[in-house]
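Subject: Structure handover

Hello,

Here is the structure for you to look over. My notes follow below it.

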Amino acid sequence: MDLLLKNIGLLATPVGTSAKKGAEQKEITLIYDAMVGIKDGKIVYAGSADETLRAKETIDCGGKLVTPGLVDAHTHLVFGGWRQKELSLKLEGVPYLDILRAGGGILSTVEQTRMETEEQLLKKTKALLQEMLQFGVTTCEAKSGYGLSTEEELKQLRVTNQLNNEQPVDIVSTFMGAHAFPKEYSDNHAGYIEYLINEMLPMVAKENLAEFCDIFCETAVFTPAQSRRILLEAKKHGLCPKMHADEIDPIGGAEIAAEVGAVSAEHLIQASDAGIKAMADKNVIAVLLPATSFYLDKPFARARDMINAGVAVAVSTDFNPGSSPSLNMQFVLNLACLKYKLTPAEALTAATLNGAAAINRAEVCGSIEPGKQADLVVWNANDLEYIFYRYGSNLAHSVIKNGKVCAGKTEI
Ligand code: IZC
Ligand code: ZN
């Protein structure tokens, strides 16, 4: 063994290699006085303290709580500039979609992203990933969608893919050319869809720059019919569908996600009962984004109804410069408990194993079990409730990625 984490006060983890739905979501394993053994970046032992275990290096966890590294399954990570200028509009009550209709919002970030070079985007995003890691996130997803032309989307996706090799956080790449209609096509939406299907998608697939294809299915953005068509085309190119669905208006997005066989549908604040049932029937994971509800002052998605209906619920930051300018997955955990009324056990599963399943990584991360990547957080906490109860501070003591202490304190 390379590394032995001993004197773990409480090891809390979901177990398995697939999403946990319904009553299973709260079934986590709790081991008091535990140890975790690591070899070649992978977990080889996770269980009760065993004094016969030996390793080249030992870390005494001082009785603290240890969980899997957090998985942030929904981010818009790579972008130029910020959108603090929209704060005053927000305060005056201008809705998010009105800002977009007026050429701001996503389109203002498109303008700023197009002006940045690949090197500038790399440097900025690397710093964001470092911040994310400090909050305990060891795997994330990153969407494109601020280029909205073949060349500019590829630029964003290359940054994502390069950073995946250049820093500790694993990044899973999603193509989101269908994030908004670029200004060049403001009067020709059908033309943009043809361009996206005939030029962008084939190039993204050929260059192997994304595993998923996402779409913003929303009033004044992409219709359910356009979403169906684009996601079915994406599947033909080997990209797995995801969908921003029923965030602001209830337009049947959840139903389309189920129909096209999406791995996940995201937001779902306004999802209908029929949409939730369709998701349960087709095993579509609900990726809920409570920090966005908080920031846009919108209702919170019906997480409890989804769990009761048998839908696996994940939670993520939705980090982006407009509706969720925060990388703090710990705040998302607080909101999942306080606003969705998830129990700490359900919320832990939502932020680890179910998040991993939403980006097809449940076989390799999202729980602390032999065979999985050694991605762990040692918390400044002695029990699980504490990290959901405190808020506003960074409670991660040390973050271990692939068996190495990568953030926080190296001395425990
Ligand atoms: O830049 O506003 N909702 N896309 C859909 C976003 C938020 C990101 C943004
Ligand atoms: Zn989003």
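Helix α4 covers residues 118-134 and helix α5 residues 150-166; they pack at about 50°, with axes 10 Å apart. Axes are lines fitted to C-alpha atoms, for helices over the stretch in contact, and angles run from 0 to 180 degrees between N-to-C directions. Helices (H or I, at least four residues) and strands (E, at least two) are DSSP runs, numbered from the N terminus.

This is a predicted model: local features need pLDDT of at least 70, side-chain atom pairs count only at pLDDT 80 or more, and totals for chains, interfaces and linings use all residues. Residues are numbered from 1 along each chain as its sequence is written, chains are lettered from A and ligands numbered from 1 in the order written, and side-chain values use heavy atoms, without hydrogens and water.

Back to the α4 and α5 pair. E118, L121, L122, T125, K126 and L129 in α4 meet K155, R158, V159, Q162, L163 and E166 in α5. Contact means heavy atoms within 4.5 Å.

On the α6 side, I193, E194, L196, I197 and L201 take part; from α7 come Q226, R229, I230, E233 and A234.

Now the sheet. It is open, has 8 strands and runs β6-β7-β8-β9-β10-β11-β12-β13, with parallel pairing. Two strands pair if DSSP finds at least two bridges between them. β6 (70-72) and β13 (313-315) are the edges; each has a single partner strand, so one side of each has no neighbour in the sheet. From one strand to the next, the twist averages 25°. β12 (residues 285-288) pairs with β13 in the parallel sense over 3 bridges. There, A286 stands opposite V313 in β13.

Helices also lie on this sheet. Helix α13 (residues 344-351) touches β6 and β13, and its direction makes about 75° with that of β13.

Last, the whole chain. It has 15 helices and 16 strands. Its C-alpha atoms fill a box of roughly 70 × 45 × 45 Å along the principal axes.

Best wishes
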